[in-house]
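Me: I am new to this protein. Please show me the structure, and then let us go through it in short questions.

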Amino acid sequence: MKIRSTSIAVLAAVPLALAGCAAGPAPAPAPPPKAAAPSPEGVAWAGRMCGLVGGFAASQQQLPGVDKTNTATVKKTVIERIDSAIRSADDTINGLRGLGPAPIAGADAVNDGFQQGFTQVRDLLGAAAEKAKQVDPTNEKSFQEGMAAMQQELQKGQQLDLKDELAALEQNEELKAASRQAPECKQFFTSPQQQPPR
């Protein structure tokens, strides 16, 4: 799961974290969970949460490209790319906030964890965008130094992941059962080698 050098590290961090969860050791077929069967409301709520988290990961695959024609176009398109990711993170945070109280005990804590994780991603992207905006494209040395500073900011994203949140989802038996029934959550329970059909 090596991040391509052309990728912005933090933008890959969330999809990689999600893939890492799916790539974890596959447990042997377990007996049905002892928790009560999830309600249709619980399945729907879990599905909406999964859709929001997975939607951010999917949106990172569709970010605008970087135009390497010259230093000015690189600066402009890198900022556009980061701004697009910030908007996606904001949409995810707002969507998670709008889910309302979970019909499953303990699931609100999982949602709160996802909100905090995406807030960290958004804030880190915002700091990188500020660095990029200060880059002087008319001076080669200044440009290289400025872009390096921006990359250093983004590389902090490699330390951000959602493993704790995904582990919390796994540990809540009713939420896990609801997630396994929600079509939007299938992406979290499949191998990362399996690409969903487009």
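**Helices, a disulfide and a buried serine**

The crossing of H3 and H4 is left-handed, where left-handed means that the near helix is turned anticlockwise from the far one by less than a right angle, and clockwise would be right-handed. This is a predicted model, in which local features need pLDDT of at least 70, side-chain atom pairs count only at pLDDT 80 or more, and totals for chains, interfaces and linings use all residues. Residues are numbered from 1 along each chain as its sequence is written, and side-chain values use heavy atoms, with hydrogens and water left out.

Me: How many helices and strands does the protein have?
Reply: Helices (H or I, at least four residues) and strands (E, at least two) are DSSP runs, numbered from the N terminus. From that end, the elements run α-α-α-α-α-α-α. The count is 7 helices and 0 strands.

Me: Are H3 and H4 roughly parallel or roughly antiparallel?
Reply: Helix H3 covers residues 71-97 and helix H4 residues 107-133. They pack at about 160°, with axes 9 Å apart. Angles over 145 degrees count as roughly antiparallel, under 35 as roughly parallel, 65 to 115 as roughly perpendicular and the rest as oblique. H3 and H4 are therefore roughly antiparallel.

Me: How many nonpolar residues are in the contact of H3 with H4?
Reply: Contact means heavy atoms within 4.5 Å. Residues of H3 that meet H4 include Ile-79, Ile-82 and Ile-86, and the H4 side includes Phe-114, Phe-118 and Leu-125. By class, this contact has 5 polar residues, 6 charged residues and, as nonpolar ones, 13.

Me: Which residue does the disulfide join to Cys-50?
Reply: The structure holds 1 disulfide, a term for a pair of cysteine sulfur atoms within 2.5 Å. Here the S to S distance is 2.0 Å. Cys-50 lies in helix H2 and its partner in the segment after helix H7, so the pair ties together parts 135 residues apart in sequence. The partner is Cys-185.

Me: Is the link of Cys-50 and Cys-185 left-handed or right-handed?
Reply: Both cysteines, Cys-50 and Cys-185, are buried. The angle about the S-S bond is 95°. The link is right-handed.

Me: Is Ser-88 buried or exposed?
Reply: Ser-88 is found in helix H3. Leaving aside neighbours within four places in sequence, Ser-88 is in contact with Phe-56, Ser-59 and Gln-60. Buried means under 20% relative accessible area, exposed over 50%, partly exposed in between (1.4 Å probe, protein chains only). At 15% relative accessibility, Ser-88 counts as buried.

How values were computed. Axes fitted to C-alpha atoms, helices over the stretch in contact; angles between N-to-C directions. Nonpolar A, V, L, I, M, F, W, Y, C, P; charged D, E, K, R; others polar.
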